[in-house]
Amino acid sequence: MAKQSLAVAALCLAVAACGGRERRPAPLSRTALDARADAVCAGAPTGADRVQGLRKLRPPLALKETYAQWLRAEADAVAAARAIAGESKWAAENVDPQVALAIAQGKAAGYARRLGAEACSSRPAGRMPG
């Protein structure tokens, strides 16, 4: 009887483990990725909103690495902009956050252009210190 109860408990655990997984959507086609990314960029009021929206998209497997680099550049731009606004402490020593912002925005625009997300690649660049 104890063995039977143990088997039932193990079966319940196995079923619960299988059902608890969140199903991830399939990667988007390149055309769909371009359209969805452009919609995110056009509608995001802030850089942080833009990064959050872009992170929800799944690029085609062949573009996964380039897409990850784009997201990193976007996140770097947000971090630099927050430091310039005084919202966070700038972690990079010997690098002016305004210079870091310009570099990150340039990288982000280049990756977006390479991926075909035109609305994401055409945005105002950061200002260099005067």
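Student: Which residue forms a disulfide with C41?

Tutor: Good place to start! This is a predicted model, in which local features need pLDDT of at least 70, side-chain atom pairs count only at pLDDT 80 or more, and totals for chains, interfaces and linings use all residues. With its sulfur 1.9 Å from that of C41, the disulfide partner (cysteine sulfur atoms within 2.5 Å) is C120.

Student: Is this disulfide of C41 and C120 left-handed or right-handed?

Tutor: Look at the torsion about the S-S bond. For C41 and C120 this torsion is about 100°, so the disulfide is right-handed.

Student: How many residues apart are C41 and C120?

Tutor: C41 sits in helix α2 (residues 30-43) and C120 in helix α6 (residues 118-121); a helix here is a DSSP run of H or I with at least four residues, numbered from the N terminus. The pair links distant parts of the chain, and the separation is 79 residues.

Student: Are C41 and C120 buried or exposed?

Tutor: Relative accessible area decides this, with under 20% counting as buried and over 50% as exposed (1.4 Å probe, protein chains only). Both C41 and C120 are buried.

Student: How is α3 oriented relative to α4?

Tutor: The axes of α3 (residues 47-55) and α4 (residues 64-84), lines fitted to C-alpha atoms over the stretch in contact, come within 9 Å and cross at roughly 160°. Angles over 145 degrees, on a scale from 0 to 180 between N-to-C directions, count as roughly antiparallel. Therefore α3 lies, relative to α4, roughly antiparallel.

Terms used: Residues are numbered from 1 along each chain as its sequence is written. Side-chain values use heavy atoms; hydrogens and water are left out. Helices (H or I, at least four residues) and strands (E, at least two) are DSSP runs, numbered from the N terminus. Angles under 35 degrees count as roughly parallel, over 145 as roughly antiparallel, 65 to 115 as roughly perpendicular and the rest as oblique.
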